[in-house]
Structure formats: C-alpha cells, structure tokens
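Visitor: I should like a close look at a single helix of this model, and then at the packing and charge pairing elsewhere in the chain. Please take the helix first.

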Amino acid sequence: MKKFFTTIIMSMTIFTLSIATVGCKAASETPQTSQTTETRTVSTVKGDVTIPADPKRIADVSGISDMLYILGNKPVATSDSDAYDHTKFPVYLEKELEGAKIVGYPMTDTVDVEGVLASQPDLIIMNPRQEKAYDQFSKIAPTIMISPDVNNWRNDFKMVGKLFDKEAAAESYIQDYDTKTKEIGDTIKKANGENATYFAFLTAGSDYYLFTGAAYGDILYNDMKLAAPASLPQQDNISLPVSSLEGLTKIDADYMIVLASDEDKATLEASSVWKNMTAVKNSHVIWLPQSPYFNQAYSVYGKLSLVDKIKELLIQK
C-alpha cells in the first residue's frame, strides 16, 4: 500500500505545457473521415503537428479530459480513470465522461493502444510518460504531446483553451472558481474564527504526505485564503513533503482533513500521539476516503464540487 501511494505521488513530475497555436492552414483531406476539414498547426515537444481545427473525436491519454469536457470537447477515449481502480471513472466524472472508453491512467506509461485505435479518433493527446506509444499513435491520428503541470492548473487550462480556440471560456471558468472559493473561505472563517488554522494530509502506512503547496494545500491556502499552521513545511517541488506521526504533532492545526484507508484510520485513532493533537481533542478532524478525494483535489472539474464538500464538513466541525 505504501509503495502504491509513493508511486502515485512521486510520478507527478513537473512539466510545462508546450503547445502554442501557430495559425491555420489551408483545408486538407483527413484519412479518418475523407472529408475536407480546416486545420491548424500547433508547436509541440515533438515539433509542429497539423491537427483538425475543430476535432470531433478526441482520444485523451494525457490526463486533461476534465478540461476538455468543460470546454465542450468530451473525449471518446480517456485515461482519466480512478487512481485506485483504473477500470472505472472517479465518481465526480462518471456522468461527464460516460460512454468514453477508458484506455489507461495518466500517471503510468501503459496505454491501451488498441482501445485508442478502436475509438477512431481524429486527434490524440498524450503526455511524455507515454512517449513509447507516440509512433503508434501518430499512425492512428494527428498526435500532440503536452506536459500538464499539476501544481499550476490555471496555466494548463488556459493553454488547453488556447489550443481549441476557447481561451475566453477557460478564463471565465477560472474567474468563477476563484470567486466561489474566496466566498467559501470567508464563510468558513466567519464560522470558525479568522485565526483558525487548517491542514490536510494523505496517509500511507507510517508515512504522511502533506498537502502544503498542491491539491488541498492550494485550495485551502491560495483559493480559500485560510490560515496555514506556522510550522507547515514548504513544498519545494512537485513531490509532496513526507512526515512521520511525530512530525505531524509539530504542525498541529486547529482543523485537519485526512485522506485515509479504513486500516490507516484505525491505526491513527489507536495512537496516543494522535489523540493528543489539538484538532483530535477538539473533534476537528475530517476523514475522507482516498478514492475519489485524492485525485479530485487535482482535477479542474472535480475542484468545484470538492470545495462545497470542504465547506460543509469544516463548518459542521
């Protein structure tokens, strides 16, 4: 179990989205449809690639299917599967991606190439982790390789919007999200006190992965503007800081959000060290299952419902 968590978190490497619309070209014949279709050329890490200006059948194995859905480009094949069960969608994307074929998980290098082929895409989007399949994909449909940065989702979303000529829609979505999360943060501070501190972490056996600058840390501190504990460590790169149980006592926030399996929860609750922490003694601990809540904090679409859930739970506590 510990190895599984470590693989998920450490595999989230920083990468910069390197797609830029260069311009439109003359109409061309696409082999998939044998119809004249307007195209545009984009610059990628693999060089310039000519793609449909308005693709209708996108196979996304890069992990941005939630962004595509928001922009009205629901994929026909996707790797946005549940982190703990790659055969199903996370619950917050079940209806949104219904009907799309699951062909992998974006944090692994394994892709169902046959599944991608069967979906008859007119555009394939992938990330560098699946580079070994690039040549195969390129023979199926125009293929672009992007590099999303899970710690800078706003920039990612703007760049995806630019790729599909929907920059205004992406900007509007971000603005609405920022307004909503600021209002929720103000409501939480009014209910719990301006100076209350908040902290979230993921359990993995005897290791605890701290959400400081990413996912829940980003939502709590940057979006909701809630206070962080003074002793919260900084996140220097894409990897989440790791702590021992004793290390958690030095952070000791007023409110804690804990992502844990039933087994890890039971272990913590049996610990005398845990029982002496401020949030525990005041019954200010919020427990969430790792699936879907680990991935949901990283999902542009999933964040919307997650912030409502955080508001509900924190004010109840």
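**The buried side of helix α13**

Guide: In this predicted model, the buried residues of α13 are G302, K303, L306, V307, I310, L313 and L314. Around the helix axis they cover an arc of only 135°, which means that they lie on the same side of α13. The length of the helix can be checked as well. Helix α13 comprises the 15 residues 302–316, which at 1.5 Å a residue should span 21 Å; its end C-alpha atoms are 22 Å apart, so the two values agree.

Burial of nonpolar side chains may next be considered for the whole chain. In soluble globular proteins, nonpolar side chains tend to be buried together. The largest nonpolar core here has 87 residues, and those that touch the most other members are F137, F199, F201, F211, Y216, M256 and W274. For F201, leaving aside neighbours within four places in sequence, the contacts include Y208, Y209, L210 and F211. Further along the chain, F201 is also in contact with L248, M256, I257, V258, L259, L268 and W274. Among these partners, F211, M256 and W274 are themselves listed with F201 as residues touching the most other core members. A second, separate core has five residues, among them F89, Y92, L97 and A100.

Side chains of opposite charge can pair when their charged atoms come close. The whole structure holds eight salt bridges. In one of them, K46 pairs with E131, and the closest N and O atoms are 2.7 Å apart. This pair links distant parts of the chain, 85 residues apart: K46 lies in the loop between β2 (36–44) and β3 (47–52), and E131 in the loop between β7 (123–126) and α4 (134–140). K46 counts as partly exposed because its relative accessibility is 34%, and E131, at 40%, is likewise partly exposed.

Another salt bridge joins D223 and R154, with 2.9 Å between the closest N and O atoms. It connects helix α7 (residues 216–223), which holds D223, to helix α5 (residues 153–163), which holds R154, across 69 residues of the chain. D223 is buried, its relative accessible area being 4%. Through salt bridges that share partners, R154, D178 and D223 form one network.

In the pair D54 and K56, the closest N and O atoms are 2.7 Å apart. D54 is partly exposed, with a relative accessible area of 44%, whereas K56 is exposed at 59%.

Definitions and conventions
Residues are numbered from 1 along each chain as its sequence is written. This is a predicted model: local features need pLDDT of at least 70, side-chain atom pairs count only at pLDDT 80 or more; totals for chains, interfaces and linings use all residues. Side-chain values use heavy atoms; hydrogens and water are left out. A salt bridge is a side-chain nitrogen of Lys or Arg within 4 Å of a carboxyl oxygen of Asp or Glu. Helices (H or I, at least four residues) and strands (E, at least two) are DSSP runs, numbered from the N terminus. Buried means under 20% relative accessible area, exposed over 50%, partly exposed in between (1.4 Å probe, protein chains only). The expected span of a helix is 1.5 Å times one less than its number of residues. The arc is that of the directions from the helix axis to the C-beta atoms. A nonpolar core is a set of buried Ala, Val, Leu, Ile, Met, Phe, Trp, Tyr and Cys residues joined through side-chain atoms within 4.5 Å. Contact means heavy atoms within 4.5 Å.
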